[in-house]
Amino acid sequence: MEDIQCTIMEKIFNTHNSNYQKIFFENIEVIISIGIHDFEKVKKQKVLISIELTVNISPADDSISTTLDYDQILEFVLKIANNKHFNLQETLCNEIANFCLSKSQVRAVKVITKKVDVYQNCDAVGFEIFVSKDEKKIK
């Protein structure tokens, strides 16, 4: 099973190609309205969001116009964190993934969310999604 997963990942990421490139955001901290419980709907909570983008870029002249502007991704995450309630981390991840995949340079995306203050006996509870443009199935 692991060999099959490696083959799929290599195909998606095209790791044998010299054009493999990744942009990542690690542990974006947001205070967000998320959860199904009444107390979660009243009080926002801290969530850490990590995003990995497999991209196809050719920054020929060291100009932002030839790559993906990181600010667009970060601003989107902060905007939805501040303006919306999510019942599920799954929905939050899907919305971020769909936005990232709407960028022409992005070939695949992995989004991880972690609610860090939910349980006293663990560091976090979270959700992870991986989607490529070739196999996009989320809506």
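Predicted model: local features only at pLDDT ≥ 70, side-chain atom pairs only at ≥ 80, totals over all residues.
## Working through a helix, a sheet and some salt bridges

L48 sits opposite K114 of β4.

**Exercise 1. Work out which strands pair with β2, and in what sense.**

Step 1. Start at L48 again. On one side, its counterpart in β4 is K114. β2 and β4 (residues 106-115) pair in the antiparallel sense, over 9 bridges.

Step 2. Now look for the other bridge: L48 of β2 is the partner of E29. β1 and β2 are also paired in the antiparallel sense, this time over 10 bridges.

**Exercise 2. Decide how enclosed β2 is, using its buried residues.**

Step 1. Take the cut-off: a residue is buried if its relative accessible area is under 20%.

Step 2. Count along the strand. Of the 11 residues of β2, 9 are buried, so the rest of the structure largely encloses this strand.

Step 3. Check E52, which lies in strand β2. Its relative accessibility is 28%, so E52 counts as partly exposed.

**Exercise 3. Find out which face of α3 is buried and what that face packs against.**

Step 1. Get the helix's dimensions. α3 runs over residues 70-83, 14 residues in all, and spans 20 Å from its first C-alpha to its last, close to the 20 Å expected.

Step 2. List the buried residues: I73, F76, V77, I80 and A81. Viewed down the axis of α3, they fall within an arc of 125°, so they line one face of the helix.

Step 3. Recall the helix geometry. With 3.6 residues a turn, residues three or four places apart in an α-helix point the same way, which is why a spacing like this is worth looking for.

Step 4. Turn to the other side of α3, where you'll find E75, K79 and N83 exposed.

Step 5. Ask what the buried residues touch. They pack against β1 (21-34), β2 (45-55), β3 (85-86) and α4 (89-101).

Step 6. Finish at the N-terminal end, which D69 caps: one of its side-chain oxygens is 2.9 Å from the backbone nitrogen of D71.

**Exercise 4. Trace the salt-bridge network that runs through E52.**

Step 1. Begin with the total: the structure has 4 salt bridges. One of them joins E52 and K22, at 3.4 Å from N to O. E52 is in strand β2 and K22 in strand β1, 30 residues apart.

Step 2. Look for a second partner. E52 also forms a salt bridge with K110, with the closest N and O atoms 3.8 Å apart. K110 belongs to strand β4, so this pair ties together parts 58 residues apart in sequence.

Step 3. Join them up: K22, E52 and K110 make one network through shared partners.

Step 4. K22 is partly exposed at 39%, and K110 is partly exposed at 21%.

**Exercise 5. Say whether the K115 and E40 salt bridge has buried or exposed partners.**

Step 1. Locate the contact. The side chains of K115 and E40 meet at 2.8 Å, N to O. K115 is in strand β4 and E40 in helix α2 (residues 38-42), 75 residues apart.

Step 2. Apply the cut-off of under 20% for buried. K115 has a relative accessible area of 9%, so K115 is buried. E40 comes in at 4%, so E40 is buried too.

Conventions:
Residues numbered from 1 in each chain as written. Heavy atoms only, no water. Helix = DSSP H or I, 4+ residues; strand = E, 2+ residues; numbered from the N terminus. Expected span 1.5 Å × (residues − 1). Buried < 20%, exposed > 50% of the residue type's maximum accessible area, 1.4 Å probe, protein only. Arc of directions from axis to C-beta. Contact = heavy atoms within 4.5 Å. Polar contact = N/O pair within 3.5 Å; in protein donor to acceptor, adjacent residues only side chain to side chain. Pairing = 2+ DSSP bridges.
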